[in-house]
Amino acid sequence: MILEYEDYQFVGAVSGQDGLAAVQRERPDAVLLDIKMPGMDGMEVLRKLHALDETLPIIMISGHGATATAVEAIKSGAVDFFDKPLSTERVIVTLRNVLKQSELVAENRDLKLAMESRYEIVGQSPALRTVLESVQRAAPTNATVLLLGESGVGKELVARTIHRNSPRAGQRFVQVNCAAIPEELIESELFGHEKGSFTGATEKQVGKFEQADRGTIFLDEVGDMSQKTQAKVLRVLQEQEVERLGSARTIKVDVRVIAATNKNLEEAIERGEFRDDLYFRLNVIPIVVPPLRDRREDIPRLVQHFAKRTAEEHNLKPKRFEPAAMDTLSRYRWRGNIRELRNTIERLMIMTPTDAVRVEDLPSDIRNSEASAARAPMPAAAATAPAAAAAESTSAATALKTDTQPAGAGTLREFKDAAERAYLVQKLRENNWNISKTAEIIDTPRSNLYKKLEQYGIKQEVDG
Ligand SMILES: Nc1ncnc2c1ncn2[C@@H]1O[C@H](COP(=O)(O)OP(=O)(O)OP(=O)(O)O)[C@@H](O)[C@H]1O
Ligand SMILES: [Mg+2]
């Protein structure tokens, strides 16, 4: 009566046997289970149910004063225990909590599954297999790994995979984007600070190295650190200890370091921008993640993967990619690598009205580079460097797309994005689309600017 009054659906069973059958038939969200029953007693039913599905929440009911039984029941997997006579209040509150709890567990499991697929490394090309072999060798060790490769090739994904396959997997993976943190804040980010150690330090802050203790720290865009920060990071790597700003105390940290950059650090060393001693410390296990154009065999698989993921994320119907479209996608240059491919597929999945994606549905810059490749036919297998060069020369004669309308900017976020995009386009125009120069003038690292161009789809398209 209590349950029905609260609008729960309930199924009754007159014995343990009957209950077991009912659970298998009805798949309930929770079970209330009496202990003293004819035939099979409640404890036995509990153990059987638990073996059947250990996530099923079971609440025991017994005559009062049976503390020992209660303890045993909890040990055998019951989530709670009611005394007879049942208190309405207690039944309702407990049941509500139990159901909430198992909802959270289910949600957590789904999220984990979604995360797993998010971190799946798709592809079987020889170039990728070489990377995965290095990952496998490096992961179980504590050795510092340096990930090298263009923007969007999957360096972060590889870093996370190393962590997840290391003995530190149960500990934190702390990511620091050295390019995104302003120079004057990076030290306090990395090493932490004491309250009052500088103007604005109103609270104590624990640094990323400390946060990553016993886990992994991922120093992303490590080539963008200033000389001063480089010196301090080098010290941490050598001594395995940090000092918070404004504190004389050193704190031992046990941190595995994975660093990544899309810069050529050896050239940076020659220019005097990167410390060679830090480079040698980081470069214990270098892993080069190859650009997508050097593993075009993987493109169809990646397309399917991103199409499926987008469909799931946005509740869309699955789509077919017609062979000609897949071909064109496989031949494109993908300067933004896998990130650009992913964004393209997401856009296609959302914007293509039909069930099949045809060549005509592809963005014009992708179709056009196809046209130029057709003029200078290239055997597919060898279509790496020469085709890339051909694509390069096409885009050299191109102008960037400049639709800067901040249309439909509903939320603050959308407005900010639209404004940032318009600003970038404006600055690029002023600097004749010279990325290095623009980056310098607006005072952001080049890699960050590239990322923004990618993020906002500020793209090159063939002139005329
Ligand atoms: N082999 C792969 N399979 C599936 N997804 C991938 C693969 N490689 C990269 N991705 C996805 O592509 C996107 C870009 O990858 P990631 O952020 O790791 O690149 P990155 O090298 O760190 O780029 P950047 O230098 O710009 O930071 C991510 O969404 C990532 O999950
Ligand atoms: Mg990255």
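Modeller: Three strands make up an open sheet, in the order E1-E2-E3 and with parallel pairing. Strands (E, at least two residues) and helices (H or I, at least four) are DSSP runs numbered from the N terminus, and two strands pair if DSSP finds at least two bridges between them. The model is predicted, so local features need pLDDT of at least 70 and side-chain atom pairs count only at pLDDT 80 or more, while totals for chains, interfaces and linings use all residues. Residues are numbered from 1 along each chain as its sequence is written, chains are lettered from A and ligands numbered from 1 in the order in which they are written, and side-chain values use heavy atoms, with hydrogens and water left out.

In the sheet E1-E2-E3, the edges are strand E1 (31–34) and strand E3 (80–83), each of which pairs on one side only. From one strand to the next the twist averages 25°; such angles run from 0 to 180 degrees between N-to-C directions, with axes fitted as lines to C-alpha atoms, for helices over the stretch in contact. Strand E2 (residues 58–62) is joined to E3 by 4 bridges in the parallel sense, and Ser62 has Asp83 in E3 as its bridge partner.

Two helices that pack on this sheet can be named. Helix H3 (residues 42–52) touches E1 and E2, and its direction makes about 180° with that of E2. Helix H5 (residues 88–118) touches E2 and E3, at about 170° to the direction of E3. Contact here means heavy atoms within 4.5 Å.

H3 also packs against helix H4 (residues 67–75), with the axes 10 Å apart and an angle of about 10°. H3 and H4 are therefore roughly parallel to each other. The classes are: under 35 degrees roughly parallel, over 145 roughly antiparallel, 65 to 115 roughly perpendicular, and the rest oblique. Met43, Leu46 and Arg47 of H3 make the contact with Thr69, Glu72 and Ala73 of H4.

There is also an open sheet of 5 parallel-paired strands, ordered E5-E8-E11-E4-E12. Strand E5 (173–177) and strand E12 (285–288) are at its edges with a single partner strand each, so one side of each has no neighbour in the sheet. Its twist averages 20° from one strand to the next. Inside the order, strand E8 (residues 216–220) and strand E11 (residues 256–261) run parallel and are joined by 4 bridges; Thr216 stands opposite Arg256 in E11. Helix H6 (residues 126–138) packs on the sheet, where it touches strand E4 (145–148), E11 and E12, and its direction makes about 155° with that of E12.

On the aromatic side, the structure holds 4 pairs. Rings of Phe, Tyr and Trp (its six-membered ring) pair if their centres lie within 6.5 Å; planes under 30 degrees apart count as stacked, over 60 as edge-to-face and the rest as tilted. The ring centres of Phe191 and Phe209 are 5.9 Å apart and the planes stand at 5°, so this pair is stacked. Phe191 belongs to helix H8 (residues 183–191) and Phe209 to helix H9 (residues 208–211), so the pair ties together parts 18 residues apart in sequence. Phe191 is buried at 4% relative accessible area, and Phe209 is buried at 1%. Buried means under 20%, exposed over 50%, and partly exposed in between (1.4 Å probe, protein chains only).

Lys208 is in helix H9 as well and counts as buried at 18% relative accessibility. Leaving out residues up to four places away in sequence, Lys208 touches Val174, Gln175, Val176, Glu189, Leu190 and Ile217.

With the same exclusion, Glu243 touches Phe191, Arg235, Ala248, Arg249 and Thr250. Glu243 lies in strand E9 (residues 241–243) and is partly exposed, at 31% relative accessible area. Its C-alpha atom is 8.3 Å from that of His193, 50 residues away along the chain.

Last, helix H13 (residues 299–314) and helix H14 (residues 323–331) have axes that come within 9 Å and cross at roughly 110°, which makes H13 roughly perpendicular to H14. Ile299, Pro300, Val303 and Gln304 of H13 meet Met326, Leu329 and Ser330 of H14.
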